[in-house]
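This report describes part of a predicted protein model, moving from its strands to the annotated residues. Please view the sequence and the structure together while reading.

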Amino acid sequence: MTKYGSFPGTRPRRLRTTPVMRRMVAETRLHPADLILPAFVLEGAHEPVPISAMPGVFQHTRDSLRKAAAEAVEAGVSGIMLFGVPEEAKKDALGTAGTDPDGILQVALRDVRAEVGDDLVVMSDLCLDEFTDHGHCGVLDAQGRVDNDATLERYAEMAQVQADAGAHVVAPSGMMDGQIGVIRDALDQIGREDVSILAYTAKYSSAFYGPFREAVASSLQGDRKTYQQDPANLRESLRELELDLEEGADMVMVKPAGPYLDILARVADAVDVPVAAYQISGEYAMIEAAAEKGWIDRDKAIMETLTGIKRAGARSILTYWATEVARNLR
């Protein structure tokens with residue numbers, strides 16, 4: 001009993017009584033500006049190619065990519081992250097299509113900038129895995145291991161051609177040691193101090209990347225456990241974070257998002273730069289598959305997962321639902 005003669009004296013449910021009351025006291029709000037749309041463009045495609053494991057997501061043609069970018073602007077989405085998918089015959093051991101000024105990713109960057117200008121933050125995936133015939137994120141040595149320092153030389157060149165093609169932001173995702181510092185130097189050398197770096201600071205070796213491998217027509221042989229992080233480790237992410245910031249990262253990211261909300265929260269609490277999280281292909285596929293079977297409410301599940309990512313500390317969220325959710329929020 002309280003001193004006022006009633007129990008319980010404190011009733012938090014009073015603030016949950018109506019939808020408007022719940023909206024008024026909500027601690028976390030999603031906004032279209034929080035969202036970034038990942039998009040794939042397939043070299044030589046004449047029509048969009050559906051990705052079977054990701055219903056509603058496509059490998060775009062150049063024209064359909066421009067349309068998707070324009071739709072994202074209209075919906076209020078802040079950014080688009082581009083992934084290039086070259087013709088199979090153009091893949092090689094060094095991923096040279098990734099640094100060809102006329103390669104599919106550079107062409108797509110120019111297309112999107114021509115379509116939307118500065119109305120959308122145009123980001124480019126800076127990695128070799130889409131372009132190598134072995135599917136790894138870097139150059140291999142004679143023993144078949146990813147050669148960190150040789151890969152950095154390729155990343156430097158890749159950053160420069162992506163900047164020249166119009167990227168506002170480059171996003172190195174290969175998890176090579178020293179990649180942020182090398183890329184920052186490479187950009188500054190060509191007078192592109194204005195191009196930002198979104199560091200994939202904590203990118204875990206995850207089982208949830210499966211559908212993405214289809215999306216980029218991956219040629220991966222083996223796995224990426226020697227350079228992506230071990231899911232068992234948290235403090236390692238904070239070490240990676242410190243190094244990325246020292247090397248000049250403008251923004252940092254945690255990937256995947258949903259299974260690593262604890263990592264995201266720790267990173268967000270530790271920094272004063274913008275923090276992003278990537279809701280990856282497997283997270284998308286699980287919700288779409290369960291919803292298709294009628295096991296969950298699709299729209300509510302989408303919003304709940306995105307709200308959870310925002311609540312954990314993400315300022316920006318990469319999600320394949322970006323344009324759809326932005327429209328609904330508006």
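Strand 8 is largely enclosed by the rest of the structure, because five of its five residues are buried. Here, buried means under 20% relative accessible area, exposed means over 50%, and partly exposed lies in between, as found with a 1.4 Å probe on protein chains only. Strands (E, at least two residues) and helices (H or I, at least four residues) are DSSP runs numbered from the N terminus.

The model is predicted: local features need pLDDT of at least 70, side-chain atom pairs count only at pLDDT 80 or more, and totals for chains, interfaces and linings use all residues. Residues are numbered from 1 along each chain as its sequence is written, and side-chain values use heavy atoms, with hydrogens and water left out.

**Strands and their partners**

In a regular strand the side chains alternate between the two faces of the sheet. In strand 8, Met-251, Met-253 and Lys-255 point one way, whereas Val-252 and Val-254 point the other way, and all are buried. Strand 9 is likewise covered on both faces: Val-275 and Ala-277 lie on one side, Ala-276 and Tyr-278 on the other, and all are buried.

The pairings that involve these strands are listed below; two strands pair if DSSP finds at least two bridges between them.

| Strands | Sense | Bridges |
|---|---|---|
| Strand 7 and strand 8 | parallel | five bridges |
| Strand 8 and strand 9 (residues 275–278) | parallel | three bridges |
| Strand 9 and strand 10 (residues 316–318) | parallel | three bridges |

Individual residues show how the strands are placed side by side. Met-253 in strand 8 stands opposite Tyr-200, and the bridge partner of Met-253 in strand 9 is Ala-276. Ala-276 in turn stands opposite Ser-316 in strand 10. Val-254 has Ala-277 as its bridge partner in strand 9.

Strand 8, helix 8 (residues 261–270) and strand 9 form a right-handed β-α-β unit. Right-handed means that, with the strands pointing away from the viewer, the path from the first strand over the helix to the second runs clockwise.

**The annotated lysines**

Which residues does the UniProt annotation "active site" cover? In an unreviewed entry, this annotation covers Lys-203 and Lys-255. They are spread over 53 residues of sequence, yet they cluster in space, with a largest C-alpha distance of 4.8 Å. UniProt annotations may be inferred rather than shown by experiment.

Lys-203 belongs to strand 7 (residues 196–203) and counts as buried at 7% relative accessibility. The side chain of Lys-203 reaches the backbone oxygen of Ser-173 at 3.1 Å. Beyond its neighbours within four places in sequence, Lys-203 is in contact (heavy atoms within 4.5 Å) with residues including Met-175, Gln-229 and Lys-255.

Lys-255 belongs to strand 8 (residues 251–255) and is buried, with a relative accessible area of 5%. Leaving aside neighbours within four places in sequence, the contacts of Lys-255 include Tyr-200, Lys-203 and Tyr-278.

**Ser-237 in helix 7**

Ser-237 is found in helix 7 (residues 235–247) and is buried, with a relative accessible area of 0%. Not counting residues up to four places away in sequence, Ser-237 touches Thr-201, Ala-202, Tyr-204, Gln-229 and Ile-263. With Gln-229, the side chain of Ser-237 makes a side-chain polar contact of 3.0 Å. A polar contact is a pair of N or O atoms within 3.5 Å; within protein, one must be able to donate a hydrogen and the other to accept it, and residues adjacent in sequence count only if both atoms are side-chain atoms.
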